[in-house]
Amino acid sequence: MSSGNGPKYPPETSPLAADTVAPDVRTERLNTKAAGIVGLAVMCSRVLGLVREQVCAALFGGGGAMDAFTAAFRIPNLLRDLFAEGALSTAFVTTFSKTIARSGDAAAWRLANKVATLTLIVLGSICVVGMVFSSQLVGALAPGFDPQKAALTAQLTRIMFPFIVLVSMAALVMGMLNAKGVFGMPAMASSFFNIGSIVGGVTLGAWIDPDFGPRALIGLAIGTLFGGALQFAVQLPALFRLGLRFRPDFRWRDQGVNAILSLMGPSVIAASTTQFNVLVNSMFASTLGDGAIFWLAIAFRLMQLPLGLFGVALGTVTLPLLSRLVVAGHMIGFRAELARAMRLMFLLTVPSTIGLMMLAEPIISVLYQHGKFDAHAAAQAGGALRFYAIGLAGYAALKVLVNAFYALDRRKTPMFVSFLAVGLNLLFNWIFTFRLHWGHLGLAFSTGCVATCNFLVLYVLMYRQLGGLESRRMLILLGKTAIAGAALAAVCAASSTWLLSDWATQTFVRKAGALLATVTVGGLVFLGAGAALRIEELNEVIDAVKRRLRRPG
């Protein structure tokens with residue numbers, strides 16, 4: 001560690017480390033083209049996920065049946081977030097990228113075989129235990145469910161638990177492809193999950209119960225497994241073309257495996273605190289009557305649309321780049337690219353936040369108010385979306401910032417900050433849900449506040465770690481974005497007053513037309529204001545889009 005106020009660099013930042021990497025890594029920059037490809041692919045997946053929930057809402061409504069399915073799917077899904085797409089994915093991409101840079105492809109593929117074998121055995125064992133004790137898990141995580149609802153939830157959990165194995169292997173393959181510079185197909189893979197779960201789930205559900213009563217949810221659960229298998233399978237051809245030949249490898253006493261496990265330890269603890277917050281919110285929501293869990297789920301899904309388009313895209317592309325820059329010892333480039341990624345993140349998520357907050361109910365109504373999902377459920381979900389959106393920018397920026405800590409081998413820092421997040425979540429839940437009696441809205445508001453606080457703490461720590469983060473440029477961007485955002489907010493306010501004031505009773509065509517017009521005009525106003533204010537990052541995004549559109553084919 002260096003003393004004084006200068007930047008503090010990790011131990012591996014040395015001339016020797018720099019010599020092990022190709023010289024052009026010193027001039028690498030964040031690939032906005034790759035980020036755009038990933039963003040579009042992830043956006044496609046998010047839209048299909050939205051379609052999946054629209055279909056479920058229309059067929060089953062927004063009450064107790066969908067509460068049971070949502071809670072059942074959440075249990076293996078949380079383990080997926082914890083191990084597969086969280087700790088394992090981040091630790092694997094970091095180590096795999098460094099192995100390629102230092103030792104070449106052959107060593108990296110050997111590491112991949114070891115990790116894949118270990119993942120199959122460990123998560124397969126967890127899957128078996130989870131299936132055996134599904135009733136006990138549901139009783140602990142949804143204590144507010146009545147016996148009939150709890151029994152249905154346990155049955156669905158038992159069916160969907162193998163999902164964790166399928167999606168974990170899919171995440172591992174995605175990490176390998178990302179580290180090799182392949183981003184499109186891995187990002188599109190989750191779209192195949194949604195397609196498989198929609199087609200397979202609805203088909204099986206209709207066969208089990210044509211009236212789509214609670215029993216039809218069994219078909220939906222089986223469809224989820226079909227979708228998970230598709231998500232894994234569609235990535236394999238691209239991986240085989242790169243040279244992987246999978247062979248079970250039980251030689252786990254390996255430097256690379258140890259590095260991944262050492263990265264995963266703090267990562268699992270950090271991620272587990274996040275999942276603990278989600279579970280706490282679910283436990284509270286299960287006591288708030290029928291519908292609360294599903295209302296929160298669809299609101300969070302909508303917040304994930306811009307989060308997936310911008311946050312996940314930039315985070316996915318940034319992690320391998322930052323890891324290579326650290327290995328090369330190019331810390332000035334590391335700091336510049338991290339700061340640039342966060343500025344882009346705020347530019348893209350602030351207008352999304354404004355739009356979601358001010359148009360929450362009409363958006364939910366247009367997307368979900370069909371079939372058995374009524375205006376009351378739309379209003380309840382819309383209120384949750386408004387409060388979730390408060391934390392959108394913080395959530396998105398964390399996707400980049402946490403990866404930067406891992407690339408610097410400062411893996412314990414996000415872990416310790418996550419402990420603070422647990423305490424804040426419990427405190428905010430108690431204040432907003434129980435003291436102020438905001439119900440499920442309090443849970444959504446608490447989540448947004450915790451994400452924002454988490455980002456602010458990590459930003460300050462990274463600023464101190466690197467001796468700066470181009471904060472002056474960040475403040476200038478935020479100021480200009482706020483001015484452009486005010487113009488966008490004025491458009492949304494006018495529309496809410498004159499065009500969408502009676503959204504609950506408007507016809508679908510009129511409501512959708514008014515919403516589309518509002519979003520279009522608001523977006524153009526924001527772009528115009530941003531251009532007038534000469535927001536540098538906005539010009540960069542526009543130029544990237546123009547280059548993409550000019551590409552032949």
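## Close-up views of the predicted model

**View 1. Arg-301 and Glu-53 pair across the chain.**
Arg-301 counts as buried because its relative accessibility is 13%. Here, buried means under 20% relative accessible area, exposed means over 50%, and partly exposed lies in between (1.4 Å probe, protein chains only). The model is predicted: local features need pLDDT of at least 70, side-chain atom pairs count only at pLDDT 80 or more, and totals for chains, interfaces and linings use all residues. Residues are numbered from 1 along each chain as its sequence is written, and side-chain values use heavy atoms, with hydrogens and water left out. Glu-53 is the salt-bridge partner of Arg-301, with the closest N and O atoms 3.7 Å apart. A salt bridge is a side-chain nitrogen of Lys or Arg within 4 Å of a carboxyl oxygen of Asp or Glu. The count by this rule is 13 salt bridges. Arg-301 sits in helix 12 and Glu-53 in helix 2 (residues 32-60), so this pair links distant parts of the chain, 248 residues apart. Helices are DSSP runs (H or I, at least four residues), numbered from the N terminus. Glu-53 also counts as buried, because its relative accessibility is 11%.

**View 2. Arg-343 and Glu-537 belong to a salt-bridge network.**
The closest N and O atoms of this pair are 2.7 Å apart. Glu-470, Arg-473 and Glu-536 are linked with them in the network. Met-345 is also in helix 13. Met-345 is buried, with a relative accessible area of 0%. From Met-345 to Glu-537, the C-alpha atoms are 9.9 Å apart in space, while the two residues are 192 apart in sequence.

**View 3. Glu-361 pairs with Arg-386.**
In this salt bridge, the closest N and O atoms are 2.6 Å apart. Glu-361 belongs to helix 14 (residues 360-368) and Arg-386 to helix 15 (residues 375-388), so the pair joins parts that are 25 residues apart in sequence. Glu-361 is buried at 15% relative accessible area. Arg-386 counts as partly exposed, at 25% relative accessibility. Side chains of opposite charge can pair when their charged atoms come close.

**View 4. Asp-67 reaches the backbone of Gly-291.**
Asp-67 lies in helix 3 (residues 64-103). Its relative accessibility is 0%, so Asp-67 counts as buried. The side chain of Asp-67 comes to 2.7 Å from the backbone nitrogen of Gly-291. Beyond residues up to four places away in sequence, Asp-67 touches several others, including Phe-145, Lys-149, Gly-289, Asp-290 and Phe-294. Contact means heavy atoms within 4.5 Å.

**View 5. Phe-334 and Leu-338 have the most contacts inside the largest nonpolar core.**
This core has 113 residues. Helix 12 (residues 292-328) supplies its largest share, 15 residues. A nonpolar core is a set of buried Ala, Val, Leu, Ile, Met, Phe, Trp, Tyr and Cys residues joined through side-chain atoms within 4.5 Å. A second, separate core has 24 residues, among them Leu-88, Leu-111, Leu-172 and Leu-177. Not counting residues up to four places away in sequence, Phe-334 touches Leu-322, Leu-325, Val-326, Ala-404, Ala-407, Leu-408 and Leu-466. In soluble globular proteins, nonpolar side chains tend to be buried together.

**View 6. Five nonpolar residues make a surface patch.**
Leu-120, Ile-121, Val-122, Phe-246 and Phe-250 form this patch of about 440 Å². Patch residues have over 30% relative accessible area and no salt bridge; nonpolar side chains (Val, Leu, Ile, Met, Phe, Trp, Tyr) are joined within 5 Å, and like charges within 9 Å. Accessible areas come from the Shrake-Rupley method with a 1.4 Å probe; for residues, only the protein chains shown count as cover. Val-122 lies in helix 4 (residues 105-132). Val-122 is partly exposed, at 39% relative accessibility.

**View 7. Phe-212 and Asp-409 have positive phi values.**
Phi of Phe-212 is about 55°, although this residue is not a glycine. Phe-212 sits in the loop between helix 8 (184-208) and helix 9 (217-233). Phe-212 is buried, with 14% relative accessible area. Asp-409, also a residue other than glycine, has phi near 65°. Asp-409 is in the loop between helix 16 (392-407) and helix 17 (412-435). At 33% relative accessibility, Asp-409 counts as partly exposed.

Key
Helix = DSSP H or I, 4+ residues; strand = E, 2+ residues; numbered from the N terminus. Polar contact = N/O pair within 3.5 Å; in protein donor to acceptor, adjacent residues only side chain to side chain.
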